[in-house]
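Biologist: I would like to learn how to read helix packing and a few backbone features. Could you take me through a model?

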Amino acid sequence: MPLHLSRRLDAVAPSATLAMNTRALKLREQGHKVYAFAVGEPDYPTPAFITEAAYEAAKRGATKYTPVSGTPAMRKAVCEATARYRGWAPTPEMVTVSVGAKAALFHLAMALYEPGDEVVIPAPYWVSYPEQVRMMGATPVIAETREEDGWQLRPETLEAVLTPQTKAVLMCTPSNPTGGAYTEERLKELAEVLGRHDCWVIVDEIYGDLTYDGFQHRSMAVVAPDLRDRLVVVDGVSKSFAMTGWRIGWTVAPPRLARALDTIQGQSTSNAAAICQAAAVAALLGSRDELEAMRQAFARRRRRMVEGLNRLPGVRCRMPEGAFYAFADFRQNIGKRAGDQAIENDDQLAMYLLDHAHAVTVGGGAFGAPGYLRLSYAVSDDDIDQGLAAIGEALKRLT
Ligand SMILES: Cc1ncc(COP(=O)(O)O)c(C=O)c1O
């Protein structure tokens, strides 16, 4: 008899993209060109001045443990950057620096959720949100949003799902996977509803620097200062500064919760890597020229990707406000056949497109939006053009 694994695993789905990635890797090993539309990271290198700051820090001896919640310089840099670019001024005691925003969210889940708790998550959602809730034995409550609302949660939908068991509402703007972002007006409407209910409000702003066509990202902390005593902002350098491998994210939370996060982090990862924190300080306080160049490239590619998707048979895609994902409606292609193979859902369609167009996409089911596919446009113009052409050919073969 094999030894038992924890029952916790029964409630958790493995990462949806792993099987696809393994298959994509195999295709690549066989010498095929594979279009990597599933990636969740910029295709740019980390700006050189940031890497240089890490190198200098290492030479200066930043090679030891730091305080659990982060170095004083890093916590201060988060506050300064929040004031400069997000329009409100938290204090360092509110900041907990973690091994990426994912660990920040996980520690938050440990600190807040327990069996019997409900956590409201608007769908489509980032895959880890409901899984982390389930890992704590709590219940994710999915609140539907509509594409015609720009994927923004309606206040009446929020009102309808809040109960006395609601421990937190967990939002993301701009969103992974939809790229939809909340307007100030909608945030105000939601804040009004939240003001009447006793629950934590968590907003993941990791894509906050990546918005396009003049759309201004707005922080709930600015729009609804009344909520600040129960508001948690999740953020990080991974996406904006092309620093996914450095693993630096953080939470800004009321001091009582920040102290709880320090306790939990102190018994799990301890501090984020000292050298990486030094790099993140440079990123947060340094020039944003390279970020701006990257943002402008994403803005161009977004148009190319979305316009290209809308030319494909049976595909419809809304122009997103932010992040670097196109979230396209492929429902007209589902229920079709490829020879004797039936395409019954988005995962099967994604697998078909991998095998026949060598394009890696992510099925919307994993994000709570069956029939959609997420395509990252953090890839080259050529990959967008050629990858979409290959997808178009593969779709034409469906009957
Ligand atoms: C919405 C969202 N939040 C958090 C994260 C995690 O970021 P990090 O790489 O800093 O852990 C991601 C990464 O994909 C994300 O898309």
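**Helix pairs**

Modeller: Start with H11 (residues 289–310) and H13 (residues 381–396): the helix axes come within 10 Å and cross at roughly 5 degrees. That makes H11 roughly parallel to H13 (angles under 35 degrees count as roughly parallel). Axes are lines fitted to C-alpha atoms, for helices over the stretch in contact, and angles run from 0 to 180 degrees between N-to-C directions. Helices (H or I, at least four residues) and strands (E, at least two) are DSSP runs, numbered from the N terminus.

Biologist: What kind of model is this, and how are residues numbered?

Modeller: The model is predicted: local features need pLDDT of at least 70, side-chain atom pairs count only at pLDDT 80 or more, and totals for chains, interfaces and linings use all residues. Residues are numbered from 1 along each chain as its sequence is written.

Biologist: Which residues of H11 and H13 meet?

Modeller: Contact is a distance test: two residues qualify if their C-beta atoms, placed from the backbone, lie within 7 Å. Here Arg301, Arg304, Met305, Gly308 and Leu309 of H11 meet Asp381, Ile384, Asp385 and Leu388 of H13.

Biologist: How do I read a second pair, H3 and H10?

Modeller: Two packed helices are described by the angle between their axes and the distance between the axes. H3 (residues 72–86) and H10 (residues 274–285) pack at about 20 degrees, with axes 9 Å apart. H3 and H10 are therefore roughly parallel to each other. From H3, the contact takes Ala73, Met74, Ala77, Val78, Glu80 and Ala81. H10 supplies Gln277, Ala280, Val281, Leu284 and Leu285.

**Backbone features**

Biologist: Is alanine 242 buried or exposed?

Modeller: A residue is buried if 20 or more other C-beta atoms lie within 10 Å of its own, exposed if 12 or fewer, and partly exposed in between; C-beta atoms are placed from the backbone. Alanine 242 has 22 C-beta neighbours inside 10 Å, so alanine 242 counts as buried. Its phi is near 50 degrees, a positive value in a residue other than glycine. Alanine 242 lies in the loop between strand E7 (231–236) and strand E8 (249–252).

How values were computed
Angles under 35 degrees count as roughly parallel, over 145 as roughly antiparallel, 65 to 115 as roughly perpendicular and the rest as oblique.
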